[in-house]
Amino acid sequence: MTLWYFFATHRHEILAAIEQHLVLVVISMAIAIGISVPLGMVIVSRPHLRALAMALANIFQTIPSLALFGFLIPLPFIGGIGARTAIVALVLYALLPILRNTYVGLTTIDPAVLEAAEAMGMTENQVMFRVRLPLAKSFILAGIRTATVITIGIATIAAAIGAGGLGTFIFRGVAMVSNVVILAGAIPAAILALLADYSLGFVEHRWKVR
Amino acid sequence: MPEPAPTPEPTIEFRHASYIIPANQGRSILNDISFRIAEGEVVSIIGRSGSGKTSLLKLINRIHRHTSGDVLVGGKSVSAWDVIRLRRGIGYVVQETGLFPHLTVRENVCVVPELEQWPKDSSRQRFQEVMALVGLNPNEYAERFPRELSGGQRQRVGVARALAADPRILLMDEPFGALDPITRAELQKVFLDLSRRVSKTIVLVTHDLREALLLGTRAVLLDRGCIAASAAPEEFLKLEQPAVREFIAASELRLGQPA
């Protein structure tokens, strides 16, 4: 059985898996961005919270992904089998790159610019929203880009806990000892990752102001 | 323009003001500074690096807080001022310009008018005026970004931005320090012209004696955090204090090359 033949005969199934995969990634990324960017803004002026948030995000990053999915299954509310659990795990992985880039982007601004903003009588919020955030946006996007690529990859493992997605083919292929079936999941996942990387990289470049 | 918000009267007074950085083993930056700057004066603060010039300037708009004594702007202690109101009434120019890289020249210049919610027309008109004051064609530069300008042009925009909300006090920290000699002389001329026309109280920090005497109506020499001398430019060179002689001698060594 050739790869092309498998793609041709299973195209509906593969397209459905791509869709599931994208839904997992988009929802996870939306939540991760919604947590990390505001958190990054808050920790700029709160060193204690910064240390705690960074440490936690780092710890999540170090847990092997398959183990993290396993740990989450027995937990009430966020655990169990299915997409919800997978999204929780994906969010935890995506936090660190976004949080770190947000923080770095917001804090590596030319001191003369920040001082000028202060001296012109901007309030702390005005400095954040009119100066820091616009100057940090390409950094933040770079973090989102890294996190998206990671999430697309890790989302293949979500199939192990019944969340569907392109990982379904990979696990099935491993069980069947069939490279063709593995590739039917792996190739679309790789293409998705490349597309995300390229398109976000394009926007990131256009947003660069410094 | 909306109802005029209270802006500081353009007088500045230091009363035994000291500035000590506690984090830095209580290192004393400024010591028992007392002097008064009247409305319309152009005071040049000179001194070598580390003499406390910049800190003195920053005590005025409360970027730094004096640790004892008092600093008064418009007869009122800076501690008693609402810091936002105080700063919006004081123009501020620094050597590095601190222009916002993500904003156009027009947006940079109109930051304070916009923060103060001036009507669009007023701030547009004001943009035209201040750009003309610093000798830049408003229409040509309005939509450019700071990175597209030369050092001299950036510095002019920085001055225009400081003047935009028509503050009565202007603080300038080595405004021409990073420029080549020709651009520098050009901007000094613009400054002289401007300071005669706009009648503001100006405090100018510089380490260049010639610049201080050329631009100021008074020169104040700082030496290790204390005021060593304060005199009109024509008298300054005749002062006998050792600190003054030393500073003049050091400056003369550099004469010929723009410091």
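Guide: Two residues are in contact if their C-beta atoms, placed from the backbone, lie within 7 Å. In chain B, 70% of the contacts with a separation of 6 or more are between residues 24 or more positions apart. The model is predicted: local features need pLDDT of at least 70 and side-chain atom pairs pLDDT 80 or more, while totals for chains, interfaces and linings use all residues. Residues are numbered from 1 along each chain as its sequence is written, and chains are lettered from A and ligands numbered from 1 in the order in which they are written.

Visitor: What share of the corresponding contacts in chain A joins residues at least 24 apart?

Guide: In chain A the share is 72%, counted among contacts between residues at least 6 apart in sequence.

Visitor: Why is A:V113 called buried?

Guide: A residue is buried if 20 or more other C-beta atoms lie within 10 Å of its own, partly exposed below that, and exposed if 12 or fewer do. A:V113 has 22 such neighbours, and therefore it counts as buried. The residue sits in helix α6 of chain A. Buried residues make up 39% of the 210 residues in chain A, and 43% of the 259 residues of chain B.

Visitor: Which residues does A:V113 touch, leaving aside those up to four places away in sequence?

Guide: A:V113 touches A:V131, B:G98 and B:F100. A:V131 lies 18 residues away in sequence, with 8.3 Å between the two C-alpha atoms.

Visitor: What makes up the boundary between the two chains?

Guide: There, 16 residues of chain A are in contact with 15 residues of chain B. On the chain A side, α6 (111–119) and α7 (124–154) each supply at least two residues, and α6(A) gives the most, with six. That side has ten nonpolar, three polar and three charged residues. In this classification, Asp, Glu, Lys and Arg are charged, Ala, Val, Leu, Ile, Met, Phe, Trp, Tyr, Cys and Pro are nonpolar, and the others, Gly among them, are polar.

Visitor: How do you know that the radius of gyration of chain B agrees with that of a compact globule?

Guide: The radius is taken over C-alpha atoms, and the globule rule is 2.2 Å times the number of residues to the power 0.38. For 259 residues the rule gives a value near 18 Å, and chain B has 18 Å, so the two agree. The C-alpha trace of chain B spans about 55 × 45 × 35 Å along its principal axes.

Visitor: Why are β6 and β10 of chain B said to stand at the edges?

Guide: Two strands pair if DSSP finds at least two bridges between them. The open sheet has six strands in the order β6-β7-β8-β3-β9-β10 (chain B), with mixed pairing. Strands β6 (90–94) and β10 (226–231) of chain B each have a single partner strand, so one side of each lacks a neighbour in the sheet.

Visitor: What makes β3 and β8 of chain B a pair?

Guide: Four bridges join β3 (residues 42–46) and β8 (residues 201–205) of chain B, and the two strands run parallel. One of the bridge partners in β8(B) is B:V205, facing B:I45.
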